[in-house]
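Keep the structure in view as you read.

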Amino acid sequence: MRGKQDATRRSKNGLNCIKCKLRGLFKKAPEVDEIAALMRASALLKAGLAPENSAHIGPLLQRTLSICAQTGAAPAPVIDHLIGGIEDAKRAESERKIALAGPGASARLLGVLPAAALGLGIMLGANPFGFFFGSAAGFAVFMLGIGFEVAGMWWMRRLLQGAATGEEMDVPFALDLVAACVNSGSAMPRAIAVVGAHFDENLAVAGKFLEIGGLPVEAKKLCGKKWESLWEIVELAWDKGFSPVEMLRQGARAQRAGAAAAAREKAAELGVKLVVPLGTTLLPAFVLLGIVPIVLSQASAIMGV
C-alpha cells in the first residue's frame with residue numbers, strides 16, 4: 001500500500017513539474033519600456049559604461065547602438081534625441097486612442113441593442129422565443145435578424161480596425177537616425193545605407209547605390225512611396241550642397257504630427273461611417289429581433305390566439 005502511495009505521489013510531482021515547465025515556455029515575455037531603456041543607456045554611456053545586454057533593451061535601442069557602431073556616431077546624443085521622438089510618438093498614439101474611444105463605444109452600444117430589446121420584452125412579459133421557434137415564419141424572422149446583426153457587427157469591426165491602424169512610425173525614427181549619423185560626420189549615402197539595413201532592405205540598396213556614385217533621383221526609384229519624405233530632403237540637400245540634418249529632424253517631427261492629425265481625422269470620419277451599418281443592418285436587426293416578436297407575441301396574447 002505504501003509503495004502505491006509513493007508511486008502516486010511521484011506521479012503527481014512529475015505532473016506538477018511538467019506543468020511548471022509548460023508555464024515557463026508559454027509565459028509572455030515582459031514588454032520593454034523604450035523610453036526607460038533609452039534613458040538608462042544614455043546615462044550609462046555618459047558615465048563611460050557599456051549599456052545593458054540586449055535581453056533588457058528594446059528593439060529601437062538595439063538598432064540605434066548598431067547604427068552608431070557602424071557609422072561612428074556618438075550614441076549618447078543620438079539616444080537623447082530619440083527619447084523626444086518616442087515621447088512625441090506616444091502622444092500621437094494617445095491622441096489616436098482618445099479620438100477613437102467615442103466612436104468605439106457607440107459601435108459597441110449599437111451592437112447590443114437587439115439583445116437589449118429582447119431582454120426588455122421578456123421583462124415586460126412578452127414571449128419572443130415562443131414567436132421565433134413556434135412557426136416557420138417566426139424562425140425565418142429570427143434567422144434574418146441574426147444575419148443583419150452579424151453583418152452589422154462585422155461591418156463595424158472592419159471600420160474600427162481601419163480607423164485604429166496607426167501611421168508608420170519607422171519613417172520618423174529612420175529620419176532621426178540618418179540626421180544623427182550625418183551630424184556626427186558620416187557621409188549621407190553611408191548613413192542611408194546603414195539605417196536602411198535596420199529598417200528597409202530597399203532603402204539600404206538605395207543608400208549603397210548612392211555610395212557607388214548614383215544620383216538621388218535614381219536611387220529613390222529603388223524604394224517605395226513610404227520613403228518619399230526622406231528622398232525629398234536628400235535631393236534638395238544634394239542639389240544645393242547643404243547639410244540635411246535640421247531638415248531631416250523637422251521632417252521626423254512633421255511625420256509624427258501628421259500621424260496625430262490623421263488619427264483625429266479618422267475618428268471624425270468613423271463617426272459618420274458608422275451611420276451606414278446602423279441604418280442598413282443594425283436597425284433592421286433591432287426591429288426584427290426586438291420589436292417584431294414583442295409586438296406580435298403581445299398581440300397574440302391579447303387576442304387569445
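What covers the buried residues of H8? The cover includes H3, H7, H9 and H11. Here, helices (H or I, at least four residues) are DSSP runs, numbered from the N terminus. Buried means under 20% relative accessible area, exposed over 50%, and partly exposed in between (1.4 Å probe, protein chains only).

## About the model

This is a predicted model, in which local features need pLDDT of at least 70, side-chain atom pairs count only at pLDDT 80 or more, and totals for chains, interfaces and linings use all residues. Residues are numbered from 1 along each chain as its sequence is written, and side-chain values use heavy atoms, with hydrogens and water left out.

## Helix H8

H8 has twelve residues. From its first C-alpha to its last, H8 reaches 16 Å, close to the 16 Å expected at 1.5 Å a residue. The expected span is 1.5 Å times one less than the number of residues.

H8 is mostly covered, with nine of its twelve residues buried. They are Met188, Pro189, Ala191, Ile192, Ala193, Val194, Val195, Gly196 and Phe199.

Two packed helices are described by the angle between their axes and the distance between the axes. Axes are lines fitted to C-alpha atoms, for helices over the stretch in contact, and angles run from 0 to 180 degrees between N-to-C directions. Contact means heavy atoms within 4.5 Å. Angles under 35 degrees count as roughly parallel, over 145 as roughly antiparallel, 65 to 115 as roughly perpendicular and the rest as oblique. A crossing is left-handed if the near helix is turned anticlockwise from the far one by less than a right angle, and right-handed if clockwise.

Start with H3. The axes of H3 and H8 come within 10 Å and cross at roughly 150 degrees. The two helices are therefore roughly antiparallel. H3 passes H8 in a right-handed crossing. Arg63, Ser66, Ile67, Gln70 and Thr71 of H3 meet Arg190, Val194, Val195, His198 and Phe199 of H8.

Next comes H9. The axes of H8 and H9 come within 7 Å, crossing at roughly 160 degrees. This pair is therefore roughly antiparallel. H8 passes H9 in a left-handed crossing. From H8, the contact includes Pro189, Ile192 and Gly196. From H9, it includes Leu203, Ala204 and Gly207.

Then there is H7. The axes of H7 and H8 come within 9 Å and cross at roughly 145 degrees. Their crossing is right-handed. Among the H7 residues that meet H8 are Phe173, Leu177 and Cys181. On the H8 side, Met188, Ala191, Ile192, Val195 and Phe199 take part.

## The loop between H7 and H8

Where does Ser186 lie? Ser186 sits in the loop between H7 and H8. Ser186 counts as buried because its relative accessibility is 10%. Leaving aside neighbours within four places in sequence, Ser186 is in contact with Thr71, Cys181 and Ala191.

## The nonpolar cores

A nonpolar core is a set of buried Ala, Val, Leu, Ile, Met, Phe, Trp, Tyr and Cys residues joined through side-chain atoms within 4.5 Å. The largest core has 36 residues. Ile192, Val195, Phe199, Trp227 and Trp231 touch the most other members. Elements giving two or more residues to this core include H7, H8, helix H4 (75-123) and helix H12 (245-273). H7 gives the largest share, ten residues.

Trp227 also reaches beyond its sequence neighbours. Leaving aside those within four places, Trp227 is in contact with Asp170, Val171, Ala174, Phe199, Asp200 and Leu203. Another core of nine residues lies apart from the largest one, and its members include Ala107, Met156, Ala267 and Leu282.

## Helix H11

H11 has 13 residues and reaches 18 Å from its first C-alpha to its last, close to the 18 Å expected. The buried residues of H11 include Leu230, Trp231, Ile233 and Val234. Its buried residues pack against H7, H8, H9, helix H10 (216-219) and H12. Just after H11, Gly241 takes a positive phi of about 75 degrees.
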